[in-house]
Amino acid sequence: MLLAATAAVVTVAGITLVQAGPARAANPTATFVRTADWGTGWEGKYTITNGGPDTLTGWQVAFALPAGTELGSYWEATVTSAGGRHTFTNRSWNGTVVPGASVSFGFLATGSGFPIDCTLNGTPCDGGTPTDPPTTTPPPTTAPPTTPPPTTPPAGGLPKHALIGYLHASFANGSGYLRMADVPADWDIINLAFGEPTSVTSGDIRFQLCPPTECPDVESESEFIAAIDAKQQQGKKVLLSIGGQNGQVQLTTTAARNTFVQSVSAIIDRYGLDGLDVDFEGQSLYLDAGDTDFRNPSTPVIVNLISAIRSIKQRYGNDFVLTMAPETFFVQLGYQFYGPGPLGLQDPRAGSYLPVIHALRHDLTVLHVQNYNSGPILGLDNQYHT
C-alpha cells in the first residue's frame with residue numbers, strides 16, 4: 001500500500017487524565033476535563049455518565065467557548081455550531097448509555113478559555129470545575145516534510161507520499177465553494193465528494209455539481225470537466241468518492257450490485273475520472289451472525305461490494321486508481337471485536353471493512369484509514385491509542 005496524508009489530519013496529544021469535581025449521581029451528568037495543555041491551546045474531554053435508573057438512548061452536550069477560544073478537531077461525536085455555541089451529538093454507536101455506564105467524546109481548542117453554560121440534553125451538565133493538567137507539546141498543525149518522490153513512482157502514477165483532498169463539489173460545506181480549477185496544486189488525488197445512492201439499498205449512485213442556489217460560485221459542467229482534464233494533464237488523479245457521512249450504501253442484492261457497477265461507470269465516463277474512492281461510513285457495511293472469517297465473507301453487503309468493485313476495476317484496467325478511506329472503527333477495532341460476536345452482542349460493523357480490504361488488496365492503490373471519529377482503540381501492541 002502507498003502511504004497517504006489526508007487533507008485534514010488530526011494528531012492528538014498524549015492524554016493525562018484529570019479528575020473533575022463532583023457531580024450528582026442520581027441523573028445523567030456530563031463531566032469536563034482538560035486532558036492536555038500546550039499554552040496556546042488544549043485538549044478536552046466530556047464524559048457522559050448515566051447515574052439514573054433508565055437507559056439513555058441519545059445525548060447532546062452543548063456549551064459555549066468564551067471570546068478568544070475556538071473549537072478545533074473533535075472525535076466520538078458530531079457537532080453543529082451557531083453563534084459561538086457548540087452542540088455535540090452522539091454517534092450511532094455510542095448513543096445508548098445504560099444505568100451506571102459512561103461514554104465520552106473529545107475535542108481540541110485554541111485559546112485559554114474553558115467551556116461555559118454546558119447542558120446535557122437541555123439540562124445543566126453538573127460536571128464540576130476542571131483543574132489544570134500539566135503542560136504538554138501541542139499537536140502539529142501541518143504535516144511534517146516528506147522525502148522527495150522516487151525516480152520511478154509506484155503503480156498508479158502517484159508519488160510515494162500522496163496528498164489526498166476531498167473536494168466538496170456536490171454540496172456546500174459551510175466554508176464556501178471551491179472550483180475544480182482552484183484546487184491547490186499540491187493535491188495529488190482529488191476526490192469528488194460525494195457520489196450518493198438514490199436510496200440505501202438501490203445501488204444507484206448519483207453525482208451532480210452543487211446547485212447554484214446552494215453554491216453561487218459553482219462552475220458550469222463543461223468548465224468542471226475541462227478543469228478535471230487540466231488537473232490530469234498535470235499528473236493529478238481525480239476520483240469519484242462514494243459515501244461520506246450521509247451516503248449510506250448497502251448492496252444487499254445482486255440487482256443492487258449490478259446497478260452500482262452501471263451507475264458508477266456512467267459517472268466515471270461522463271467526467272473522465274481516473275478511479276474510485278470508497279468512503280463508506282455509518283451503516284453501509286456490517287457482518288451477519290456467523291460471518292467470522294474475513295478471508296471468506298458471506299454477508300451480502302460485503303460479498304456484493306467486493307464483486308462490484310472487481311467488475312469496475314476490470315472494466316477500466318490496470319491504470320484504474322482505487323482508494324479507500326474507512327474509519328478506524330471498521331478496521332482496527334476488528335483486532336479486538338469482529339462483527340456481532342458469538343453471542344450477537346457486539347456492534348456488527350466492527351472490523352467490517354477488513355474482508356473488503358483483504359479481497360481487494362492487490363487492486364488497492366491507496367488505503368488511508370481515518371484516524372479520527374473514534375475513541376481509544378486497541379493496537380497491535382495491545383495498548384489503547386486515541
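**A sheet, a loop proline and a helix**

Hi everyone, let's begin with a strand pair: strand E9 (residues 116–120) and E10 pair in the antiparallel sense over 2 bridges. Strands here are DSSP runs of E with at least two residues, helices are runs of H or I with at least four, and both are numbered from the N terminus; two strands pair if DSSP finds at least two bridges between them. This is a predicted model, where local features need pLDDT of at least 70 and side-chain atom pairs count only at pLDDT 80 or more, while totals for chains, interfaces and linings use all residues. Residues are numbered from 1 along each chain as its sequence is written, and side-chain values use heavy atoms, with hydrogens and water left out.

Back to our pair: Thr123 in E10 is the bridge partner of Leu120. Both strands belong to an open sheet of 5 strands, antiparallel, in the order E6-E7-E4-E9-E10. Its edge strands, E6 (78–82) and E10 (123–124), each pair on one side only.

Next, Pro184, which sits in the loop between strand E11 (161–168) and strand E12 (189–197). Buried or exposed, or partly exposed? Pro184 counts as partly exposed because its relative accessibility is 34%; buried is under 20%, exposed over 50%, partly exposed in between, with a 1.4 Å probe and protein chains only. Beyond neighbours within four places in sequence, Pro184 contacts Leu178 and Lys231, a contact being heavy atoms within 4.5 Å.

Last, helix H3 (residues 300–316). Its buried residues include Val301, Leu305 and Ile312, and their cover includes helix H2 (254–271) and strand E15 (275–280). Just after H3, Gly317 has a positive phi of about 90°. Thanks, everyone!
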